Amino acid sequence: MTNKTTNSRRDFLKMTAITGGGLVLGFNWFSAEANAPVVISNSAMAAGNIGFNSYLSIATDGTVTIMSPNPELGQNIITSFPMVVAEELEADWKKVKVLQANLDNKFDRQLTGGSGAVPHSWKLLRNAGATAKFMLIEAAAKVWSVPSSECTAANSFVTHSKTGKKLSYGELAEAASRIPVPSTVKLKDRKDFKLIGKSVRNVENRKIVTGQPLFGLDFYREGMVYAMIQRPEQFGMKLKSFDGSIAKSMPGIIDVVSFKNNVAVVGKSTWQVLKARKMLKIEYEKEFDLESTEDHDKLFLNLMDNGQATVRRKDGDVDTAFKNAAKVIKGEYQCPFISHSPMEPMNFFAHVRPDGVELVGPTQTPARARAEVSQLLKVPEDKITLQLTRLGGGFGRRLKNDFATEAAELSSIIKAPVKLIWSKEDDMTAGTYRPACRYRFEAALDASGNLTGYKLRGVGINSGNPTREHNFPSGAVDNLLIDSVEHKSPITTGAWRAPITNFLAFAEQAFIDEVAQAAGKDPVQFRLDLLAKAKKSPVGDIRYDISRMEGVIKMAAEKSGWGKKKDVSQGFSVYFSHASYVAQVADVIMRNGLPVVKKIYAVSDCGQVVSMNGASHQVMGGIVDGLGHAMYSKLSFRDGAADQNNYNTYRLIKMKEVPEIETHFVDNGIDPTGLGEPALPPTGGAVANAIFKATGKRLRNQPFIEEDVFKTVS
Amino acid sequence: MAIYKLQVNGKTLQADVEADTPLLWVLRDHLGLVGTKYGCGIAQCGSCTVHVNGSATRSCVYPVSAVGTSQVITIEGLSEKGDHPLQQAWDEIDVAQCGYCQAGQIMTAAALLKQNPKPSMDEIEVTMNGNICRCGAYHRIRDAVKLASSKI
């Protein structure tokens, strides 16, 4: 870890005092070229044309305020970002206040996705805190006319060690604003961290437990109207005609309007709109094929054998390897579409006025929402504001902004401020979904049980590339071929927490287990042997860190008592996704002839943990999410329409179904590499492999609950 | 449309709504009490749970015409200062992730503790099993109910 960091001079702005006094330090959040703080004046802030986009401020009463730019959906970035700043600043955590920033042009990465927020901002946040601390110490040294080297900062005070004199950050803030911004600052050694790596509670807990209006659906504006949209219930259909006369005559209904394939009902309250929407008479006509799950099942088999495949990775000569193999193992795995189904249904507020557009609501990608509204309404982006609300879950669904553009289009038509609400049924039936995929794995073993050849073909529906061709075991096998086929469908799909790997990891880790079994090797040792081979004689491009993967495997085996337990059947899984490594062991027992997951051990290498309980929540939530969807969830289709449309037919995991979970983190001093997604992918594989050990039956299709082991009571 | 006088959080509030309007939407759209959440609208997820005469009730399917003179308590009125043992335990255990379902979780748990101040883990699980948490914070929800029960 580097302990020195350089500030770029050209970004600094020397300022005069701000209103109310104190220090305001602006910095380029996510700026690629310079993570450089600047001191900000009132005039510069008012002018709005300086090169900062967020700030850390210290008021004369000692309150430290930091803006949090990323949409908050439960990853708790609103707590972990300020922790990093406060650590370097040596601030009293009780005096730190966090504000959710609205969309600002100058943010480069104001989004929530890809498990990337902490890794992206880590150095910048530390630098900002360290810079402010430096200036506070300099200011104190000046007041006391002593060398700054004799002064130390802790708990929001600067102390002169020789005399014991003390000044608070509040008392020093004004003077600190007149200290030149340092060109380099020293960052703390991680052994001196007081906050980072500790458990710090969510800063919004109090608002959450007292029911404060935090979420998009809670937003209210005097004079706003409520709206819901009837969309085609079948993918592949388009709007032909509609009669909204009955709906429009109902109490509280203001208007019924249509745009694109939508018929929107606008009224004075949600319930009146919901009721009136049921009275719409709409005719649709076929635009594309109306696809069913039955069609997809046939299509998967056909494309698996006959599809025009795109080669994703090719090492060595697989044909020869398979021809010379002592043993060939094959396994196929299939997953259904699933819904993101966050608890807060999709919604957005829009007010399109002649002078600009105001947007308010929950989105993972606010900048993209603004760009899409700009393009749709032909309004320049600088005339559009977007206020972020807390998100009642995202899981990737709110990466897409269809609800925001719908709200804006509707507001422009009815010329009124409108809150658009999707019902849960709308959310589940109108897309977008995790794509349905099928995988075929083939492995060639030589007479000693060494993996000499490996083939993977992925077939996906609107999946993009359904493989992750550079992941393990690529690099450890001499002869390897990974290719894919994609079917384009009218059924809309999108990124779902840990895109592609949320199922691919299960398929791959279940197959590796099969291969290890065929080779007569312990599944953990089999993986370690492959990694040792990749280290010694790497094949082609290796994009995962072999040592980090070995690290989590060994620690998971140790923590779970791998191979030493008599009373449970254990399954192993390890996966690298985004930039982190997670190994998991599932303990399964049989109860009344059915497998029951008792416990899951997780060892994560996500680099430096910022908040220990925040990290543990991400891992536990990821495991519950991974287990729940692998076990229970599916969306099937008939003639383009989803068969499941709410929680009575679409099953989510509940409290009684969660196993005990034990989380561990590798403490290796690497800078943070992200944790919002990486704990989810390994879970299905660990569970399926443990169930195999307990029952002798391989699970190949999700949801597991429909597989034979859960149907037959022996 | 008719005027309904409702006893909510110890106050008499009124709303001019249709008889079939679910209590959820009266609270949210007409009385400005948005702590009670809309999740599924069909009494499957528990996000909309309030107390009607002390019983945990799914407000999304409970018509306003059925409320009558019943005492309705929402998350905003669970405690005067936001310091109900469950609210404190929720903070101490750091339960929430996205937080959207938590008002309903707390209200369900509060009705349980009123009836059974010292529930076993099994009793907690049976009661709380009807409330969905999409983030999967189930372990901490269970632990927080247990913690709160130890302080009542």
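Predicted model: local features only at pLDDT ≥ 70, side-chain atom pairs only at ≥ 80, totals over all residues.
**Entry 1**

I looked up helix α4 (residues 121–128) of chain B and helix α5 (residues 138–150) of chain B. Their axes are 10 Å apart and the packing angle is about 125°. Angles of 65 to 115 degrees count as roughly perpendicular and those over 145 as roughly antiparallel. α4(B) and α5(B) are therefore oblique to each other. The crossing of α4(B) past α5(B) is right-handed.

Which residues make the contact? On α4(B) I found B:M121, B:I124, B:E125 and B:M128, and on α5(B) B:I141, B:R142, B:V145 and B:K146. Sorted by class, the residues of this contact are five nonpolar and three charged, with no polar ones.

**Entry 1. Where chain B touches chain A**

Next I looked up the contact between the chains. Chain A gives 45 residues to it and chain B gives 46. In chain B, the helices α1 (23–30), α2 (85–93), α3 (102–115), α4 and α5 each supply at least two residues of the side that touches chain A. Which of them supplies the largest share? It is α5(B), with four residues. The side of chain B that touches chain A has 22 nonpolar, 16 polar and eight charged residues.

**Entry 2. Two helices of chain A**

I then went to helix α3 (residues 117–144) of chain A and helix α4 (residues 169–176) of chain A. They pack at about 90°, with axes 8 Å apart. α3(A) and α4(A) are therefore roughly perpendicular to each other.

From α3(A), the residues A:M135, A:L136, A:A139, A:A140, A:K142 and A:V143 meet A:Y169, A:L172, A:A175 and A:A176 of α4(A). I counted classes again: this contact has nine nonpolar residues, one charged residue and no polar residue.

**Entry 3. The sheet that these helices cross**

Both helices of the last entry lie across strands of chain A. α3(A) lies across β7, β8 and β9, and runs at about 135° to β7(A). α4(A) lies across β8 and β9, at about 80° to β9(A).

The sheet itself is open, with three strands in the order β7-β8-β9 and antiparallel pairing.

Strand β8 (residues 157–160) of chain A pairs with β9(A) over three bridges. In that pairing I found A:T159 opposite A:K166 of β9(A).

In the loop between β7 and β8 of chain A sits A:N155. The phi of A:N155 is near 55°, which is positive although the residue is not glycine. Most residues other than glycine have a negative phi.

**Entry 4. A hairpin and a crossover in chain A**

Strand β19 (residues 347–353) and strand β20 (residues 356–361) of chain A are antiparallel, with five bridges. A:F349 stands opposite A:V360 in β20(A). The join from β19(A) to β20(A) is a hairpin through two residues.

Parallel or antiparallel: how does β20(A) pair with strand β21 (residues 384–388) of chain A? The pairing is parallel, over five bridges. Here A:V357 faces A:I384 of β21(A). Between β20(A) and β21(A) the chain passes through helix α10 (residues 366–377) of chain A, in a right-handed β-α-β crossover.

**Entry 5. A four-strand sheet of chain A**

Further along I found an open sheet of mixed pairing, with the order β27-β28-β29-β32 in chain A. The edge strands β27 (569–577) and β32 (660–665) of chain A each have a single partner, so one side of each lacks a neighbour in the sheet.

Strand β28 (residues 580–591) and strand β29 (residues 594–605) of chain A run antiparallel and are joined by 11 bridges. A:Q584 is opposite A:A602 of β29(A).

**Entry 6. Two cis peptide bonds**

Last, I looked up peptide bonds in chain A. The bond from A:G431 to A:T432 is cis, with omega near 0°. A:T432 lies in the loop between α12 (424–429) and β23 (433–434) of chain A. The bond joining A:F472 and A:P473 is also cis, with omega about 5°. A:P473 is in the loop between β25 (451–461) and β26 (479–487) of chain A.

Conventions
Residues numbered from 1 in each chain as written. Chains lettered and ligands numbered in written order. Axes fitted to C-alpha atoms, helices over the stretch in contact; angles between N-to-C directions. Parallel < 35°, antiparallel > 145°, perpendicular 65-115°, else oblique. Left-handed = near helix turned anticlockwise from the far one by under 90°. Contact = placed C-beta atoms within 7 Å. Nonpolar A, V, L, I, M, F, W, Y, C, P; charged D, E, K, R; others polar. Pairing = 2+ DSSP bridges. Right-handed = clockwise from strand over helix to strand, strands pointing away.
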